[in-house]
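I've just opened this model and want to get my bearings. Here are my notes, in the order I looked things up.

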Amino acid sequence: MTTTPRFFNTAGPCDPVRHYGIDPLARFPEAIALIDWQGCFVLHAPRQTGKTPTLRALAKALTEEGRFAAPLFSCEAGEAVSDDVGEVEGALLRQIAMTAEDDLPEALRPPPVVSAPVGVQLSSNLRAWCRSCPKPVVLFFDEIDALRDDGLRTVLRQLRASYATRAPHAVILCGLRDVRDYRMASGGKGRLGTSSPFNINVASTRMPSFTEAQVRELLVQHTEATGQPFSEGALERVFYYTQGQPWLTNALAAEVVDHLGVTGEITAAHIDRAKENLVLARAEGRGARFELVDGSIASEIAPHPVIPRV
Ligand SMILES: Nc1ncnc2c1ncn2[C@@H]1O[C@H](COP(=O)(O)OP(=O)(O)O)[C@@H](O)[C@H]1O
Ligand SMILES: [Mg+2]
């Protein structure tokens, strides 16, 4: 049996068969307790920190354990229509139905959407689903930043109303915003303008970067697969430059492994060269993957990703 060699992923969804990776569930160990006890929480972090794979793994695990019906879906479909409440509700309901079709066993999927007045379409359909579903429903709203103003306000208002009766059992909002920023994004006005997207104080968890141990764990997967070692200095330096930012860690490793053509041990000097290449490529705007560390998120991605060690 031949196995396809794995590589460092710098684009697209993480796939443990094709890519080196850190167990996504290990990155957010408190999630299950938050779902069990609190029901709703916000997971936030800058782009490219691995929020989606972590929540995807969590949703899959919750569904497969047989305790919950837990779909993860993106709110991106609501972006273009965010100022039209009815369209946003429709887009989300369609997204939930499609995700449920792909990821949930048939018995747990929502019933066909029924019409309801604009402004309660989401809550009434969620309510019908939660009543008919044999398992408690846990909803993961990914890319919630795609919604704003009226669209965001109506979704949050309906989720609040639904959550008050614990239908669904839990709601997780995932995106760039911390809890306190929801008020601003929803227009900062109206009855929804309290500091929490729910009526209660909720946990607002920031997705952490990789620890130094996780960076080493990721890099060593390449050594185990190919026999090519990293020197101790090289391992230290990858963490120094990236501070464990997940995308940057993969990008630096991919640069050294896939593009520098190093044979034998990878040293700190090789990591320095790879880092220079990333900086140059970013400055020249070459390649889509370098745009990911561009602009306003660059400083958040790592405190000093581009400063040579002195
Ligand atoms: N569990 C993981 N193991 C290894 N690398 C990861 C993992 N999760 C994320 N990454 C890296 O982070 C990048 C961004 O992941 P992504 O899912 O797009 O994050 P987000 O949803 O936070 O924007 C991936 O392309 C990959 O390089
Ligand atoms: Mg994402």
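**Ground rules.** I'm working with a predicted model, where local features need pLDDT of at least 70, side-chain atom pairs count only at pLDDT 80 or more, and totals for chains, interfaces and linings use all residues. Residues are numbered from 1 along each chain as its sequence is written, while chains are lettered from A and ligands numbered from 1 in the order in which they are written.

Helices here are DSSP runs of H or I with at least four residues, strands are runs of E with at least two, and both are numbered from the N terminus.

**Helix pairs.** For packed helices, I note the angle between the axes and the distance between them. Axes are lines fitted to C-alpha atoms, for helices over the stretch in contact, and angles run from 0 to 180 degrees between N-to-C directions.

H7 (212-226) and H9 have axes that come within 11 Å and cross at roughly 30°. That makes H7 roughly parallel to H9.

H3 (85-103) and H5 (149-164) pack at about 60°, axes 9 Å apart, so H3 is oblique to H5.

I checked handedness as well: the H7 and H9 crossing is right-handed, and the crossing of H3 and H5 is right-handed. Right-handed means that the near helix is turned clockwise from the far one by less than a right angle, left-handed that it is turned anticlockwise.

**Two glutamines with positive phi.** Gln48 isn't a glycine, yet its phi is positive, about 65°. I found Gln48 in the loop between strand S1 (40-44) and H2. Buried or exposed? Gln48 counts as buried because it has 20 C-beta neighbours inside 10 Å. The cut-offs, with C-beta atoms placed from the backbone, are 20 or more others within 10 Å for buried, 12 or fewer for exposed, and partly exposed in between.

Gln243 also has a positive phi, about 55°, and lies in the loop between helix H8 (232-242) and H9. With 17 neighbours inside 10 Å, Gln243 counts as partly exposed. In H8 itself I noted buried residues, among them Leu235, Val238 and Phe239.

**Two more stops.** Ala91 sits in H3 and is buried, with 22 C-beta neighbours inside 10 Å. Its C-alpha is 5.9 Å from that of Ala77, 14 residues apart along the chain.

Val17 lies in the segment before helix H1 (31-37). Val17 is exposed, with 8 C-beta neighbours inside 10 Å. Val17 and Arg6 are 11 residues apart in sequence and 7.1 Å apart, C-alpha to C-alpha.

Key. Angles under 35 degrees count as roughly parallel, over 145 as roughly antiparallel, 65 to 115 as roughly perpendicular and the rest as oblique.
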